[in-house]
Amino acid sequence: MKVSYNWLKQYVDLQGVSPEELAEKLTRSGVEVEGIENRNKGVSQIFIGYVAEKAKHPDADKLNVCQVDVGQAERLQIVCGAKNVDAGQKVVVSVVGAQLPGGLKIKKAKLRGVESQGMICSAKELGMNDKLLPKDQQEGILVLPEEAEVGQDAISYLGLDDAVLELGLTPNRSDCLSMIGVAYEVAAILDREVKLPDLSLEEEGASIEDKVHVQIEAPEHCSKYAARLITGIKLGPSPFWMQSCLMAAGVRPINNIVDITNYVMLEQGQPLHAFDYDRVENGKIIVRLAHPNETIQTLDDIERKLDPDMLLITDVSKPVGIAGVMGGANSEVNVDTVSILLESAQFSGVSIRKTAKKLGLRSEASSRFEKEVNPDAVMDALNRAAQLMITLGGGKVAKGVAVETTKEWKEPTISLRLERVNGYLGTSLEVGQVQEIMRRLRFAAAESEQGLQVTVPLRRQDITREVDLIEEVARLHGYDQIPISLPEGGTTRGGLTDYQQWQRTIRNTLTSAGLFEVFTYAFSDEKVMYDFAPFEAEHKGIPLTMPMSEERSHLRVHLLPHLLETASYNQNRQNNDLSIFEMGRVFLTEEAELTKLPKEKLCLGGLLTGTWLPQQWTNKPQSVDFYDMKGILEMLFATIGAEQVVYRSAENLKGMHPGRTTEILVQNIPVGYAGQIHPELQNKYDIQEAYVFYIDLEKLFPLVKRTNDYTPLPKYPASSRDLSIVVDQAISAGDIEQTIVEAAGAILEDVHLFDVFTGEKIGAGKKSLAFSLLYRNPEATLTDQEVNEAQERVLQELTAKYQAELRM
Amino acid sequence: MRDKLVQLKTEALEQFQQASSLNSLNELRVQYLGKKGELTEILKGMGKLPAEERPLIGQLVNEVRDALEQLLEERKVSLEQAAINDRLSKERIDVTLPGKKVAKGNTHPLTQIVEQIEDIFIGLGFTVAEGPEMETDYYNFEALNLPKDHPARDMQDSFYISEEILMRTHTSPNQVRTMESRKGEVPVKIICPGRVYRRDDDDATHSHMFHQIEGLYIDKNIRMSDLKGVLLAFAREMFGEDVQIRLRPSFFPFTEPSAEVDVTCAVCKGSGCRVCKETGWLEILGSGMVHPKVLEMSGYDPEKYTGFAFGMGVERIAMLKYGIEDIRHFYTNDLKFLKQFNR
Ligand SMILES: [Zn+2]
């Protein structure tokens, strides 16, 4: 809502309150002023002039030499290039010494040898928003109405001595969608009187009774419909003061009738519509829902197909308007119109909102109806507009109003308990202070046992319960006046759940290992989202009903495609060495069409690519490889309490290199996988060799142990032995280690592989593996014999299972 | 014999002085003081001396031995010192050469802000509640006093999956879910961090996905003054001891009275600058007293219990804190961006 400061002065005294101060006060009490527009963009010394004579410039075809009367002793000679300038016009003249927007100064000048003592201005040159003016006024100079007074200061005439406050209204404050509503708000803040406009009306001639009939057939969508008949209208421009008000509000002036309906809508908050009475068949207005397949051509000359839940205004045979949204072309007021059927009605906000949205037709009117207009304003606005049509449109108003009402509105009375006010706000107000605030709001408030009985006027439809009144008290008392305290209840123990704490540990472990955490979008592109194998066999990408782009059209089912995109993005920015991870949710469902919420699974994805150890004076650069990543995962699992982790070669995982991928099992339950991405994906995303891991955290968490077990320090020494064996290359080290653990028995404390070796010495297709085994008996010192026996068992088992040979 | 001793002493002391290593010093010790050393040899001749001379010579022998041993010890210490000094000088390295790189990453700046805020409220006795990012219309809107066709729904244009399912537009549905699960018990003291989604075209200041942290406190006798107190405590922990907060009336369907909360601009300390558009204040929070309808719908009697709620955008706070100019940086993850948040 754009509020002209000068216009507002008609309804409330603003003496001593500048537009800036007013804006600050409004904002601090709940109606935010988003901006103040000074309508004067730097204009001074402009006057209304009369073009007494116009002659062709002797040396220039396109220039005219005008003699202009600006109320001074002598006429000014002004050379003007505008096509539309003519003798007999009232125009705006910037005299010598005047300033125009952009710092332009008017000086005496010679144009092609002819002296010019000023300039006849266009609206644009005056810094006015010429988009709101008629076309002919935009192209040439601004031509003023006949009645403009020669020599008058044009700044005030044009309304340039005004400021416009742009209100950013929250949906609850639709009462401020009218000048009067804003006036009530300002009056409450400043504690001043509201000056309502005179609504008196002189009715003439025959009664409306035989001429106009109103019938509501859809009472749930229309609670009141009132109409007046105005005859003898003379269509023409509206007076400049009214045009100026409309332009300040951002509304384009059209003609006196349309301008009056808009002006009254802005003043009263009640949208109006004027029908050409002679084109409404039988003067009969029926408010009903559209019939199936019904159509109407709206004012903008577009044929609209109507849905059966759209509310129409019709006559006996045809629709003449879409209620509250737009009138029909068939009943539009035009130059031949002499009689007007003026509508003022209250339609259901929900109905108007749906219709306007469906048709893509939101207007000043529909946006007011959507938020439910003030029921009290229906008759006021009707009478106000009728009154203006007499004075500004030359019309006569028929006696009476054709009206049907399907719902009577009653001002609600709400009890406001003082204890509740203070208990809610933490204040210690007295009943008199609260009553005073109600008085400023013009809410009738009678004292009662517990506080006040407050009767709320219908213009404030947002106030229906006690808490709504408490808010009024809070904002008018001032939020700054509310004290600062702390809750008086007992203390509670805050904290993270184990799961939340565990997630932090994962992040911290991975970052300590050199990885950076990334955040990627949850919306995926269908072209990449299925590039990797998910954890659930049944996973259907969930599409958004109205995606903003193809790249963000589905809920992600996997994290890794987004990490590959991140790698690609970074490589294009010379960040070739990248170690990243993301902890985030994927959205999984078995349903083709979602009827219930999907499973949101928290997953961990990681990606390593490029150089792991950069080149430095101590070493050559080392590209990241599978074992760099596995080392990180081993550290992670140890830190987050995953025990009995087994890595199993996985040859058939989508998106992964078949020979360089491992499935990860914790306590025999698969919880994720890790490996090199398939070369095909490398090409698809145009990235270097990359290693990724993907872990289902929801599955893993129940398997982890979050506490440490303490074992007393050993009393007896350990005995260490090495074991080097030669086996076929195809045999995995993990299997051999597993066998060692099983065969060595309880005295084996630790085993680790310390060397892998292939080459001629070993033989083709063979490899040598060297393990270090640590034996210890917690109860006694081990004898050599016990250790030798264990080593022998191990070797026998390895020979039996894998044809291993001892390497000397 | 006396002359022999004196000569031996002079000779030995001179040689001890000249010994240049611990090894040669040791050899000299054996040569003079060992079991077969020269002093011992002289002592062997003692028996041939007349009895009255023996004590005198004996005394002289002791004197010579003491002198030799004393110098030997001194020389030993000084040679040891020299050996260490020699080693130290040989072991000298260039300490200005760079250290061997240890890989180090860091968490995402948004994680850091979220954890910081979580920890502040955990200190105030709050727990952290999480919920689904995809929500039903009921939890996202209706239970928060936003019935279907409510004009305020326009404030948040949403991503729908179906008529009844959408991406949550705020983390407030968690508040409802928590209240429902607590079945009318108090106090409820939670903060809800998480991703939220709104239909905005991505540009420098808008993102279709962003993060929020909301808080909820329900108990007997919770007042709006308590909201002010808790938020002031938070603001001071988060932005510094000297900041002030300012509440401005606003509207949210799920709170009443509602307030936008401004914090003293950290850049200019309130005197006005470009960041705060010369106001001295930065808007960082929305808040208010929980609307009675929301309490009712979630099983709390609004006559018995009151509460406050607040919410803030994590990206906005991170952008203000670090002066980040483009919200898209958080989601494109340029390493040069991520690396800057390593503390
Ligand atoms: Zn500032």
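Colleague: What is the volume of the second largest pocket?

Modeller: This is a predicted model, and in it the second largest pocket has a volume of about 1900 Å³.

Colleague: Which residues lie nearest the centre of that pocket?

Modeller: Lys630(A), Glu634(A), Tyr647(A), Ala733(A) and Gly734(A) do, out of a lining of 43 residues. Several elements of chain A each supply at least two lining residues, among them helix 16 (626–640), strand 36 (645–649) and helix 19 (733–744).

Colleague: How is the lining of the second largest pocket divided by class?

Modeller: Into 18 nonpolar, 14 polar and 11 charged residues. Gly734(A), one of the residues nearest the centre, counts as polar because Gly is placed in that class.

Colleague: Turning to the two chains, why is the pair Glu488(A) and Arg223(B) called a salt bridge?

Modeller: The closest N and O atoms of Glu488(A) and Arg223(B) are 3.4 Å apart. The cut-off is 4 Å between a side-chain nitrogen of Lys or Arg and a carboxyl oxygen of Asp or Glu, so the pair qualifies. Between chain A and chain B the count is 9 salt bridges.

Colleague: Which element gives the largest share of the side of chain A that touches chain B?

Modeller: Helix 14 (residues 498–512) of chain A, with 6 residues. By class, that side of chain A has 38 nonpolar, 25 polar and 27 charged residues.

Colleague: How much area do chain A and chain B bury between them?

Modeller: About 7800 Å², with 57% of it on carbon and sulfur atoms. The contact takes 90 residues from chain A and 94 residues from chain B.

Technical notes: Residues are numbered from 1 along each chain as its sequence is written. Chains are lettered from A and ligands numbered from 1 in the order in which they are written. This is a predicted model: local features need pLDDT of at least 70, side-chain atom pairs count only at pLDDT 80 or more; totals for chains, interfaces and linings use all residues. Side-chain values use heavy atoms; hydrogens and water are left out. Contact means heavy atoms within 4.5 Å. Buried area is the accessible area (1.4 Å probe) that two parts lose on being put together, summed over both. Helices (H or I, at least four residues) and strands (E, at least two) are DSSP runs, numbered from the N terminus. On a 1 Å grid over the protein atoms alone, a cavity is a set of points where a 1.4 Å probe fits but cannot get out, and a pocket is an open set with protein on both sides within 12 Å along at least five of seven lines; lining residues have an atom within 4 Å of a point. Grid points are joined across faces, edges and corners, and a volume is the space filled by probe spheres set on the points.
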